[in-house]
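Please read these notes with the model open beside you. They are numbered so that each point can be checked in turn.

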Amino acid sequence: MNSNETGATAESAAETVANLCEERELVVVSNREPYSHGREGGEITVDRPAGGLTAALDPVMQAAAGTWVAWGDGDADREAVGPDDAVAVPPEDPAYDLRRVWLTDEQVEGYYRGYSNQVLWPLCHLDTAKMTPREKFWRRYRETNADFADAILDSTDGAESAPVVWFQDYHLALVPRAVREERPEAFLTHFWHIPWPSWDVFRACPQYETLLDGLLANDLVGFHTDAYCRNFLDCVDAATDARVDRSSRSVSYRDHRTFVRSFPLGIDAARQADLAESDAADEWWTKFRDERGIAPKETVAVGVERLDYTKGIEQRLDALERFWEDNPEWRGELTYVQKGTESRSGIPAYDALQDRVADAVEGINDRFGTEEWTPVVYTTDHLPEEGIAALYREADLGLVTPVRDGMNLVAKEFAAAQTRDPGVLVLSELAGATEQLGEESVLVHPYDTAGFTERIGEALSLSRTERRRRAADLQRAVHAEDVYDWLESTFETAAAIERGRRSVRTAGPQPTDD
C-alpha cells in the first residue's frame, strides 16, 4: 500500500536552495561528515551516506556545488584531503568540497562526549540530573566551535559575495556568532535537531547566556515544532535584553534580527518504501525469522533505536512484561524484536543503560520464555538498511515510545515501510512526531505502565480495515512532508527573510510571514 503522494524532490529542493544562494556559496556545517575515508586491505575506502539527514542533503549539495564543513573522524580522512584539509566528493563525480575539521582526543572527550552529550543533550531532553557541566567540557566546546568557525571562514575567504551558512544541531551553538563577527553580510541559519526546553530547565545550564548569544547571530533558527519555538523565545526573553516580537516570532538583539520558525524534519519516504519492497528485504527477513525462531504466524512487535536513555526502552520493556503477565494468552503468540544500537559507550549513563536493558531482556525471557518461544528477541548487531525496512514492514506493532524526543524519525520510517499488510504505530505522546502522526497512532505515555499495557492490547485488537485506514493516512503524511519538503520549507523561509533584509535597506519593512 505504497502511497504515491510525494512531497518535494531532491531536484526541487536544490532549486530552492539555488534561488536563495544565487551567486553566493552554500556552506553546510555539521558535526557528522557525509563521506568518510577508511582503510580496508591496505587500501583507502569511502563510506557513503546510507540514510538520514546526510543522505538527504548530499544530492542538494551536489547541485549547489558548495562546501560541507564537518569533523573528519575517519581512519584515513587525513590522507584523502589536500593542503586545505578539503576533498572533493562524491569521489566518482566530484561536485562539492568536504572541508574537514580535525579534533584532538581531548576535544573529542570534552566537546563531543562531554559538553554536547553530557550537558546539552540531557538538558534539552529535560533530564538535568544527568548533566555533568564540567568546566573543562565547556572549554573544549568553545575551542572546537572556534575551530569550526575558522574552517568556515577559511573556506569562504576570497569569495566575491558573503556565503549562506547552514548550521546543524546542538554541537555548534557558538559558531554563528564567530562567523557573524567576521562575515556580517553572510546569511546564517541554524536547525536545532533536538527539543528546546522551557526556561526553568534551560537556566540549569551555567552557560545559557553565551549559548543564546551564539544562536541569535543567525538570521533564522529552526526547530521541529512550534512548542520548541515558543520555549526558545521564552528563554531569550528571560535571559537577555533582546526585544522579542511574538507576533512575528522574531528577536532583535545586538542590532540584528533573528527569525524563529518550526520545520518538522521528514525522511526520504519514497526511498524507505522502496527498501521495504526490495528483494533484499524479503531475503533478510526470511533468514532473520528462521535464525531467531519466529514462527510465520506469530504477531511481531518491533522497536528500533539507539541505546539512549531518552528512547524509553526500559519503560517499554516494563509495559511488555506487564502485558504478558496480564494476558497469558499472548505468550507464545506475540514476539517483541528490539534492535538496539550501542551509543556513546564510555559515558556512565549510557553504559549503565546498556547493562539494564540487557538484564531486563534476560529477566523477561527467563520468566516467560519456553523452548519454542523467546518473548524478546534482542540484537545490537549491525543490520542493513533493507533489514531495518523489513522489520518495520513485517511488524504488527511499531513501538516508538521515547520519554522525550525532538521528532523521532523511526516513527516516520515505520509508517513509510508499511507497504503490505499494515501494522499499527504505537507512539509516545512525548515525541515531537506526535504533532504530525498522533491522530492515526495509538498514543501512550511511556511512564504510565498500566495505561501503556492497555494500549498495547487495544492496538492488537484493531481490525484490518482500521489498520489499513490508519496506515494510509500515516503514509500520506510522511510522503507529503518528507525530508525534501523540509529542505524547501527551510530555504523558502530563508529566501523570504533575505528579501526582507534587502528591502529594509531601501526603507522597506522586515518580513513577518512564515
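1. Glutamine 272 sits in helix α10, residues 269–276. Helices here are DSSP runs of H or I with at least four residues, strands are runs of E with at least two, and both are numbered from the N terminus. Glutamine 272 is buried, its relative accessible area being 10%. Buried means under 20% relative accessible area, exposed means over 50%, and partly exposed is in between, with a 1.4 Å probe and protein chains only. Leaving aside residues up to four places away in sequence, glutamine 272 touches Ile267, Ala389, Tyr392, Glu413, Ala416 and Ala417. Contact means heavy atoms within 4.5 Å.

2. A word on the source: this is a predicted model, in which local features need pLDDT of at least 70 and side-chain atom pairs count only at pLDDT 80 or more, while totals for chains, interfaces and linings use all residues. Residues are numbered from 1 along each chain as its sequence is written, and side-chain values use heavy atoms, with hydrogens and water left out.

3. Isoleucine 267, one of the residues that glutamine 272 touches, is placed in the loop between β12 and α10. Is isoleucine 267 buried or exposed? It counts as buried, at 8% relative accessibility. Isoleucine 267 touches Gln272, Leu409, Lys412, Glu413, Ala416, Asp482 and Val483, with residues up to four places away in sequence not counted.

4. Glutamine 107 belongs to helix α4, residues 105–124. Its relative accessible area is 2%, and it is buried.

5. Next, the helix pairs. Two packed helices are described by the angle between their axes and the distance between the axes. Helix α11 (residues 279–292) and helix α14 (residues 385–394) have axes that come within 8 Å and cross at roughly 75°. That makes α11 roughly perpendicular to α14. The axes are lines fitted to C-alpha atoms, for helices over the stretch in contact, and the angles run from 0 to 180 degrees between N-to-C directions. Angles under 35 degrees count as roughly parallel, over 145 as roughly antiparallel, 65 to 115 as roughly perpendicular and the rest as oblique.

6. Which residues of α11 and α14 meet? Ala280, Ala281, Asp282, Trp284, Trp285 and Phe288 of α11 meet Glu386, Gly387, Ala390, Leu391, Arg393 and Glu394 of α14. Seven of the residues in this contact are nonpolar, one is polar and four are charged. For these classes, Ala, Val, Leu, Ile, Met, Phe, Trp, Tyr, Cys and Pro count as nonpolar, Asp, Glu, Lys and Arg as charged, and the others, Gly among them, as polar.

7. For helix α12 (residues 313–326) and helix α13 (residues 348–368), the axes come within 10 Å and cross at roughly 10°. That makes α12 roughly parallel to α13. On the α12 side are Ile313, Glu314, Leu317, Glu321, Trp324 and Glu325, which meet Leu353, Arg356, Val357, Ala360, Val361, Ile364, Arg367 and Phe368 in α13. The contact of α12 with α13 has nine nonpolar, no polar and five charged residues.

8. Some backbone details deserve a look. Valine 89 and proline 90 are joined by a cis peptide bond, with omega about -10°, and proline 90 is in the loop between β5 (86–89) and β6 (96–101). Alanine 65, in the loop between α2 (52–64) and β4 (67–71), has phi near 55°, a positive value in a residue other than glycine. Alanine 65 is partly exposed, at a relative accessible area of 48%. Aspartate 255 has phi near 60° and is placed in the loop between β11 (250–253) and β12 (256–262). Aspartate 255 counts as exposed, at 88% relative accessibility.

9. Finally, the whole chain. Its secondary structure comes to 19 helices and 18 strands. Of its 514 residues, 57% count as buried.
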